[in-house]
Amino acid sequence: MTVTDDWWRGAAIYQVYPRSFADGNGDGIGDLAGVRARLPYLAELGIDAIWFSPWYPSPMADGGYDVADYRDIDPAFGTLADAEALITEAHALGIRIIIDIVPNHCSDQHPWFAEALRSPSARKRFWFREGRGELPPNDWQSRFGGPAWTRVPDGSWYLHLYASEQPDLNWTEPEVHEEFEDVLRFWFDRGVDGFRIDVADGLVKDPELPDVGGAAERLPYSDMDGVHEIYRAWRKIADSYPDKRIFVGEMWLPDPERFALYLRSDELHSGFNFDFLACPWEPDRLRAVIQSTVDAHAPVGAPATWVLSNHDVTRHVTRYGRSGDTGFDFADRRHGTPVDRELGTRRARAAALLTMALPGGVYVYQGEELGLWEIEDLPDELRQDPVFARTKGSDPGRDGCRIPIPWSAPFGESWLPMPAEWAGYTAEVQESRPDSMLHLYRKALALRPGDGAMEWIDLGPDVLAFRREDGFCCVVNLGCTPISLPEHESVLLASGPGAVEGEELAPDAAVWLREASA
């Protein structure tokens with residue numbers, strides 16, 4: 001694998017949710033053997049790196065984000081030797097490996113927490129507090145619904161911003177810092193190229209634990225100096241390795257300038273752009289999000305990232321096909337809203353070209369290259385997301401975007417059922433169809449310009465158009481009628497059949513052009 005110090009600035013990174021990507025042993029659960037078998041597929045797709053959602057030993061109370069051991073592989077996925085072989089094989093294909101690190105919380109089955117339950121003297125690694133009579137220590141709410149506190153048999157309470165099986169770690173304790181720095185080195189020494197940091201903005205809490213009016217989104221933990229100190233220490237570890245190792249942060253912050261503070265030159269390398277992901281299919285709002293993202297990243301010299309879907313959100317084929325609001329909000333997933341899937345797919349194809357034309361890095365969530373949609377009609381008894389249970393079903397949770405990938409039909413056993421309709425969307429079927437979503441992604445990933453500058457082109461209020469280097473131009477029509485294309489030498493790629501007719505671009509379509517020479 002060729003080492004490029006700044007490879008991450010314009011990288012295309014593919015997210016693998018291990019349980020749902022590929023099953024190598026036929027037990028219905030995705031595993032590392034399945035990923036290894038599909039590495040040639042990913043190399044042909046044209047991605048630069050794979051990001052793995054947690055592969056560690058876990059009781060799976062939250063899909064692996066409840067980690068019981070940060071230095072091993074869950075037996076359902078394979079072994080540490082399997083992971084090391086996968087890293088080696090991926091590197092041979094020019095693919096880097098990024099893995100999740102979950103430093104805000106661990107599993108209640110982690111040895112540290114088991115020790116804390118046995119011995120109050122071992123509780124300093126977590127947030128144990130006495131209650132207010134029969135009430136929790138404060139009014140904080142879990143992001144998964146319900147109180148953020150659970151009581152143990154001796155009467156004390158512990159903090160968990162997510163499920164009760166995920167006790168929050170106390171980052172005021174030096175031992176917690178030391179533990180995670182050692183975990184980073186453990187995986188870096190095995191060839192891992194970087195970490196995606198779960199809840200990157202939430203590690204340090206206000207030690208006073210004040211009431212906040214019961215609103216989970218107002219918990220007082222973001223942007224504290226201690227968080228930035230953690231990442232400066234981690235960055236020194238990454239920079240001590242001869243090959244470039246990187247950190248990607250997951251931060252749900254409403255202010256792009258606050259977001260960029262985490263991306264200063266001695267902290268994280270990049271962060272997930274949730275404002276873009278959650279933005280509806282509306283030209284004014286998309287233009288504003290793109291511009292504010294570029295503006296916020298410029299002062300710190302960090303590359304932007306662009307993402308349409310991931311393991312936590314409703315797949316964008318479904319979102320873009322809804323009438324009315326086509327954005328995303330955890331507070332209301334709009335589950336059951338009527339969806340025009342043909343419209344959603346057409347917009348998803350256009351959004352793919354928009355996303356891959358923007359400056360910076362791009363993330364592809366497994367299955368979006370097949371045009372998969374959210375599965376909203378799972379039977380309640382099959383749902384496993386703790387969000388569904390903790391909200392007593394008012395929030396359907398995230399299982400619908402975690403359905404296993406359909407490689408070929410018949411599907412076989414799987415831990416969540418694949419819909420019969422997906423038989424027409426398998427990777428095998430799409431391989432033979434030149435106009436399929438799979439081929440669109442391959443072509444776009446091969447042609448995309450990566451990092452660099454962009455310049456807006458004014459083609460009207462319903463159009464997003466901009467140029468990049470070397471005469472590359474992207475035009476996206478979000479209006480209801482065809483538009484005239486600007487002068488150009490050639491069409492590089494259109495979002496779908498019928499997107500370009502003569503010199504016009506159809507509604508809900510996108511095209512990449514080579515501009516006419518001056």
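View 1. Counting rings of Phe, Tyr and Trp (its six-membered ring) as paired if their centres lie within 6.5 Å, the predicted model contains 35 aromatic pairs. The rings of F113 and F128 have centres 5.9 Å apart and planes at 20 degrees, so this pair is stacked, planes under 30 degrees apart counting as stacked, over 60 as edge-to-face and the rest as tilted. Because F113 belongs to helix α5 (residues 111-118) and F128 to strand β4 (residues 128-129), the pair ties together parts that are 15 residues apart in sequence; helices (H or I, at least four residues) and strands (E, at least two) are DSSP runs, numbered from the N terminus. F113 counts as buried at 2% relative accessibility, and F128 counts as buried at 10%, where buried means under 20% relative accessible area, exposed over 50% and partly exposed in between (1.4 Å probe, protein chains only).

**View 2. The tilted pair of F188 and F247.** These two rings lie 6.1 Å centre to centre with 55 degrees between their planes, and the pair is tilted. Distant parts of the chain are linked here, with F188 in helix α6 (residues 174-188) and F247 in strand β8 (residues 246-249), 59 residues apart. Both F188 and F247 are buried.

**View 3. Parallel sheet.** Eight strands form an open sheet with parallel pairing, in the order β9-β8-β7-β3-β2-β1-β11-β10, two strands being paired if DSSP finds at least two bridges between them. The edge strands, β9 (270-271) and β10 (305-307), each pair on one side only. Strand β1 (residues 12-16) is joined to the parallel strand β11 (residues 361-365) by four bridges, and I13 stands opposite Y363 in β11.

**View 4. Surroundings of F52.** F52, W55, W187, Y231 and W234 touch the most other members of the largest nonpolar core, which has 140 residues; such a core is a set of buried Ala, Val, Leu, Ile, Met, Phe, Trp, Tyr and Cys residues joined through side-chain atoms within 4.5 Å. Helix α12 (residues 341-357) gives the most to this core, with eight residues. Beyond its neighbours within four places in sequence, F52 has contacts (heavy atoms within 4.5 Å) that include V16, L86, I98 and D100.

**Notes.** Residues are numbered from 1 along each chain as its sequence is written, and side-chain values use heavy atoms, with hydrogens and water left out. In this predicted model, local features need pLDDT of at least 70 and side-chain atom pairs count only at pLDDT 80 or more, whereas totals for chains, interfaces and linings use all residues.
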